[in-house]
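Okay, thanks for coming, everyone. I'd like to walk you through one model today, so let me put it up on the screen.

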Amino acid sequence: MSKRAYYAATIADFLTASPDAIIGQITQHHSQNLEHLQTGAWASQIDILQSALKTLNAGHILFEVQIPRMGRRADVVLIVHDIIFVIEFKVGAKHATPQDLRQAHGYAIDLHHFHEGSHDKTIVPLLLATEAAAKVFCLPAQLEHVYAPLCANAGNLLALITYCVSHIPAPQAINYQAWQQSAYKPTPTIIEAAQALYSNHNVADIARSDAGAQNLHLTSQAIQDIVHAARINRRKTICFVTGVPGAGKTLVGLNIATSSTHLDDDEHAVFLSGNGPLVEVLTEALARDSVQRDPGSTKAHQLRSAEAKIQNIHKFRDESLKDLNKAPPERVVIFDEAQRAWDLENTAKFMNQKRGQKGFNQSEPEFLISVMDRHTDWCVIVALIGGGQEINTGEAGLQGWVDALATQFAGWDVHYSDKLTQIEYAGRNVNFGAIAHAKQLASLHLATAMRSFRAEKLSHMVHYLIHNQPIKARACYQEFKHKFPIKITRNLATAKAWIKQQARANETKGMIASSGAIRLKPEGIFVKNRLSAADWFLNPQDDIRSCHFLEDVATEFDIQGLELDWCLLGWDADYRYHKTDGTQDGQFEHWKFTGTSWKRRQQEEQQRYLENAYRVLLTRARQGMVIFVPQGDAEDASRLPEYLDGTFEYLLSCGLEVLG
């Protein structure tokens with residue numbers, strides 16, 4: 001913990017130290033340019049704490065304590081009588097705002113979740129608004145050893161600490177040395193990870209480093225080694241990275257893209273994605289965060305800076321069409337969800353009709369490789385390949401890349417994950433034997449799901465659920481249900497009440513549904529309404545456009561590649577479970593609502609897209625979810641109860657529990 005806190009000492013030593021010495025030790029570790037305002041805030045904090053704690057003769061105090069999921073630091077952590085107090089200062093504040101209380105609470109929750117030494121320890125978040133009016137103390141509710149936040153001012157901090165010590169029964173004993181040395185296992189959201197990496201944090205600061213997740217670091221290093229070797233040896237290279245859902249493929253890509261801060265660095269990279277909402281959310285998040293860190297900058301400037309690292313692949317493609325001989329400025333590009341690139345038919349149709357490229361005859365993988373092939377000496381493509389993520393018509397899959405390399409770019413070096421030929425990623429049998437310079441690397445596969453840090457096996461359970469294997473789904477769910485609840489209900493109000501009750505502090509919650517869930521409209525779930533992904537994911541809890549309001553619904557197209565802490569999933573009759581008459585067996589049926597009625601999806605490809613849509617939706621939650629299956633309406637031929645009852649019963653057979 002010493003490296004994770006800029007200052008750490010016993011309370012006794014802290015009380016006898018000079019404020020200048022303490023500030024000097026803090027600033028020695030601080031990487032940013034310090035302004036007078038910041039050092040003044042530390043001086044105020046030290047003054048208040050030395051005055052308030054002068055009668056305490058035992059305990060420890062830490063300043064600027066790393067909270068890795070956030071990529072930020074808590075002002076002060078105080079350990080007194082086996083209670084961990086996480087203190088957030090608001091110097092000069094006369095009121096405790098809900099936003100500030102959520103911030104303090106969030107730090108405490110993250111310490112509980114991601115610091116092994118704090119898992120079973122009592123944690124009390126305190127918001128110290130120095131000028132706020134004193135209030136009567138009342139110990140709030142606690143969940144998983146973390147109390148709801150309390151508010152103190154400069155004059156009653158010791159009294160509040162004493163009150164907590166006397167009213168909290170038998171906290172778990174803390175061995176300070178063991179606590180200080182215990183491991184962090186952070187699993188940030190992709191938004192938090194992008195913000196932390198963009199502000200020059202190392203991936204090791206924000207990602208789990210235990211043995212179970214070690215391959216995240218190995219994969220990042222392997223790619224960086226490949227990039228470096230390509231530059232030294234003047235080779236054109238492509239590497240294919242695979243990973244289970246939520247394993248961190250995007251995080252690896254962002255780490256490569258943000259590892260060089262200088263655009264004139266030969267090895268600087270750009271992260272490219274065809275996922276419009278993901279690019280919109282990440283660039284907006286980076287711009288907002290940068291302005292907050294540097295109030296002197298403008299959002300427009302920070303957006304331009306973010307877009308140099310993260311771009312929509314369509315912008316990259318259109319720029320490449322302006323001059324068919326000019327190489328792009330980047331020598332290293334990361335293509336996210338590369339298996340979703342368009343096939344020849346759809347690419348040619350788009351280029352002819354939308355971009356005026358008459359006679360265009362390349363698939364999107366072939367075109368993208370050809371753009372990088374314009375470099376005369378070296379370049380690297382990093383292709384991130386997800387399994388079961390195809391949700392659009394006309395996606396070429398992995399085969400499109402393999403065909404292009406085998407027939408048009410035989411001189412390229414190819415490094416690929418040892419799992420790449422599995423049907424989960426390839427979609428079909430794929431043979432790398434026709435590629436001359438192909439090398440298999442186990443380190444290019446990410447095997448550990450980290451999105452759902454409470455349930456690493458969620459993706460396995462969802463696989464069984466989607467593919468009509470309820471017994472296996474149930475057995476898998478039993479292994480993590482105590483940490484990751486999945487509830488089910490026929491009442492939307494009940495579902496909303498439950499998810500609001502679960503989400504604490506700044507934890508995100510939102511309503512999601514399949515883009516084909518047209519007949520959830522009578523329930524108040526409008527999948528056809530357009531939303532701003534940036535507003536939905538990033539805006540605060542009191543903004544009606546945000547996910548927290550549970551009004552606007554995101555579909556698989558809005559949320560793919562992103563995540564929420566808690567999800568409310570509306571399940572319609574587009575993917576319905578039907579039992580065969582007279583038997584206990586059943587199967588899923590694939591439907592599409594067209595005009596005024598449901599019609600069968602007959603094509604296997606269309607059926608797979610629907611299955612993958614539900615796979616995406618079912619793997620977006622980090623901490624838990626509730627599934628809402630409507631009752632239906634016997635008077636409405638498009639919402640008959642029999643369209644929905646079988647699905648509800650099937651989900652029950654997978655072990656899900658009904659909300660009362």
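This is a predicted model: local features need pLDDT of at least 70, side-chain atom pairs count only at pLDDT 80 or more; totals for chains, interfaces and linings use all residues.

Residues are numbered from 1 along each chain as its sequence is written, and side-chain values use heavy atoms, with hydrogens and water left out.

When I say helix or strand, I mean DSSP runs numbered from the N terminus: H or I of at least four residues for helices, E of at least two for strands. Two strands count as paired if DSSP finds at least two bridges between them.

So, back to that bridge. S21 and strand S22, residues 586–594, are joined by five bridges and run antiparallel. They belong to an open sheet of three strands, ordered S21-S22-S23, with antiparallel pairing. Strand S21 (575–579) and strand S23 (597–600) are at the edges with a single partner strand each, so one side of each has no neighbour in the sheet. On average, neighbouring strands here are turned by 50 degrees against each other, direction ignored. For angles, axes are lines fitted to C-alpha atoms, for helices over the stretch in contact, and the values run from 0 to 180 degrees between N-to-C directions.

What lies across S21 and S22? That's helix H23, residues 604–618, running at about 100 degrees to S22. H24 packs on the sheet too, touching S21, S22 and S23, and its direction makes about 85 degrees with that of S21. Contact here means heavy atoms within 4.5 Å.

Now the other sheet. Six strands form an open sheet with parallel pairing, in the order S19-S18-S20-S24-S17-S25. Strands S19 (553–554) and S25 (657–658) are at its edges, each with a single partner strand, so one side of each is left without a neighbour.

Look at S20, residues 564–570. Six bridges join S20 to strand S24, residues 621–628, and one partner pair there is Trp 566 with Gly 624. Strand S18, residues 509–513, pairs with S20 over five bridges. Is S20 mostly covered or mostly open? Mostly covered: seven of its seven residues are buried. Buried means under 20% relative accessible area, exposed over 50%, and partly exposed in between, with a 1.4 Å probe and protein chains only.

Last topic, charges. Side chains of opposite charge can pair when their charged atoms come close. We call it a salt bridge when a side-chain nitrogen of Lys or Arg is within 4 Å of a carboxyl oxygen of Asp or Glu. The whole structure has 28 of them.

Take Glu 657 and Lys 487, with closest N and O atoms 2.7 Å apart. Glu 657 is in strand S25 and Lys 487 in strand S17, so the pair ties together parts 170 residues apart in sequence. Lys 487 is buried at 16%, while Glu 657 is partly exposed at 29%.

And there's a network: Glu 284, Arg 288, Lys 299, Asp 535, Asp 543 and Arg 545 are linked by salt bridges. Within that group, Arg 545 and Asp 543 have closest N and O atoms 2.8 Å apart.
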